[in-house]
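User: I would like to learn how to read a few features of a protein model, starting with strand pairing. Please give the general idea each time, then the case at hand.

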Amino acid sequence: MTALRTRCIEDMQLHGYSPKTQSCYVAAVCGLARHYHKSPDLISEEELRRYFLFLTLEKKVARATATIALCGIKFFFQNTLQRNWTCFKLLRPPKSKKLPVVLSRQEVQSILRSVRQPLYRVCLTTIYSCGLRLSEGLFLQVPDIDSPRMLLHIHGKGSQDRYVPLPQRTLEQLRALWRTHHSPTWLFPAITRHGIEHSIRHNVGPVTRSTLQRAFRCALQQSGVRKRAHVHSLRHSLATHLLEAGVNLRLIQSILGHTTPTTTALYTHLTQQVRDSVKAPINELMNGL
């Protein structure tokens with residue numbers, strides 16, 4: 001590890017960035033250095049400008065990828081190198097508006113029933129029933145369950161903790177699952193090729209993101225659901241189902257851990273009631289055509 005990389009990581013630690021953010025930002029700066037085959041502190045402002053043109057026009061990276069690259073490189077130049085270049089005011093990833101994939105209740109049930117491994121099935125069920133992000137579900141620990149109050153303590157994005165309601169059925173499944181492995185730490189310990197007992201004994205950690213995502217993709221295929229869904233679709237689906245059930249938008253915002261109601265308000269466009277409200281007028285317009 002070079003002194004420059006070490007300094008950048010230390011700067012991010014001082015800013016309170018999570019290890020995952022640190023890794024993404026370092027990877028973004030490394031990508032810039034590989035592109036020009038030289039140390040990033042030797043790159044000029046014009047070269048930086050051309051690199052982002054390359055990402056946008058030639059490589060055509062996704063908006064999320066461009067945003068991470070911009071944030072990581074901008075942090076490195078402005079904080080570690082103390083170069084507040086004018087080009088950073090011009091660089092903006094292209095805006096896009098994509099609606100999330102929402103599964104019906106029947107589709108959610110069908111997918112979860114198709115998960116063969118009980119540990120993965122209970123983990124995905126918990127993610128859906130509590131409206132969790134993927135990482136929030138994976139890193140749940142035994143002390144996070146507050147059964148007397150029927151709450152789940154979530155260590156959320158950006159170190160923002162919150163409590164979410166814990167359904168009785170989910171608690172029963174978590175208890176039944178725990179009795180099969182008795183991990184003192186993790187609700188969903190990793191299953192290695194040596195078995196789950198070996199994983200717990202050597203503190204391998206929780207199930208990995210890729211493993212759970214792969215289990216979801218297999219279940220999606222087995223269920224016959226043809227939507228382009230992923231694990232995060234379970235969170236989108238719960239929010240939509242709660243709105244359809246008449247739950248207050250502000251309460252849903254609290255459950256999901258959204259900092260602003262604007263983010264949660266997106267789901268109001270996806271409910272069955274909204275779709276049904278426009279069917280009759282559209283059908284009336286189509287009469288006689």
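User: Which residue of β3 is the bridge partner of H155?

Analyst: The model is predicted. In general, strands of a sheet pair through backbone hydrogen bonds, in a parallel or an antiparallel way. Here H155 has D161 in β3 as its bridge partner. The pairing of β2 with β3 is antiparallel and runs over five bridges.

User: What is the strand order in the open sheet?

Analyst: The order is β1-β2-β3, three strands with antiparallel pairing. The edge positions are held by β1 (145-146) and β3 (161-165); each has a single partner strand, so one side of each has no neighbour in the sheet.

User: Now helix packing. At what angle do α7 and α12 pack, and how far apart are their axes?

Analyst: Two packed helices are described by two values, the angle between their axes and the distance between the axes. For α7 and α12 the angle is about 35° and the axes are 7 Å apart. The crossing of α7 past α12 is right-handed. On the α7 side the contact is made by L124, I127, Y128, S129 and C130, and on the α12 side by V231, L234, S237, L238 and H241. Sorted by class, this contact has seven nonpolar, three polar and no charged residues.

User: Is H236 buried or exposed?

Analyst: Buried: a relative accessible area under 20% counts as buried, and H236 has 12%. This residue lies in helix α12. Leaving out residues up to four places away in sequence, H236 touches P100, V101, V102 and Y267.

User: Which residues touch the most other members of the largest nonpolar core?

Analyst: F188 and L212 do, in a core of 38 residues. Two or more residues each come from α6 (105-113), α7 (118-130), α8 (134-138), β2 (151-155), α9 (168-181), α11 (209-223) and α12 (231-244). The largest share is that of α7, which gives eight residues.

User: What is L212 in contact with, leaving aside its neighbours within four places in sequence?

Analyst: The contacts of L212 beyond those neighbours are Y120, C123, L124, I127, L134, L138, V207 and V231. Of these, L124, I127 and V231 also take part in the contact of α7 with α12. Another core, of 25 residues, lies apart from the largest one; V26, C30, L70 and C87 are among its members.

Key: Residues numbered from 1 in each chain as written. Predicted model: local features only at pLDDT ≥ 70, side-chain atom pairs only at ≥ 80, totals over all residues. Heavy atoms only, no water. Core = buried A, V, L, I, M, F, W, Y, C linked by side-chain atoms within 4.5 Å. Buried < 20%, exposed > 50% of the residue type's maximum accessible area, 1.4 Å probe, protein only. Helix = DSSP H or I, 4+ residues; strand = E, 2+ residues; numbered from the N terminus. Contact = heavy atoms within 4.5 Å. Axes fitted to C-alpha atoms, helices over the stretch in contact; angles between N-to-C directions. Left-handed = near helix turned anticlockwise from the far one by under 90°. Nonpolar A, V, L, I, M, F, W, Y, C, P; charged D, E, K, R; others polar. Pairing = 2+ DSSP bridges.
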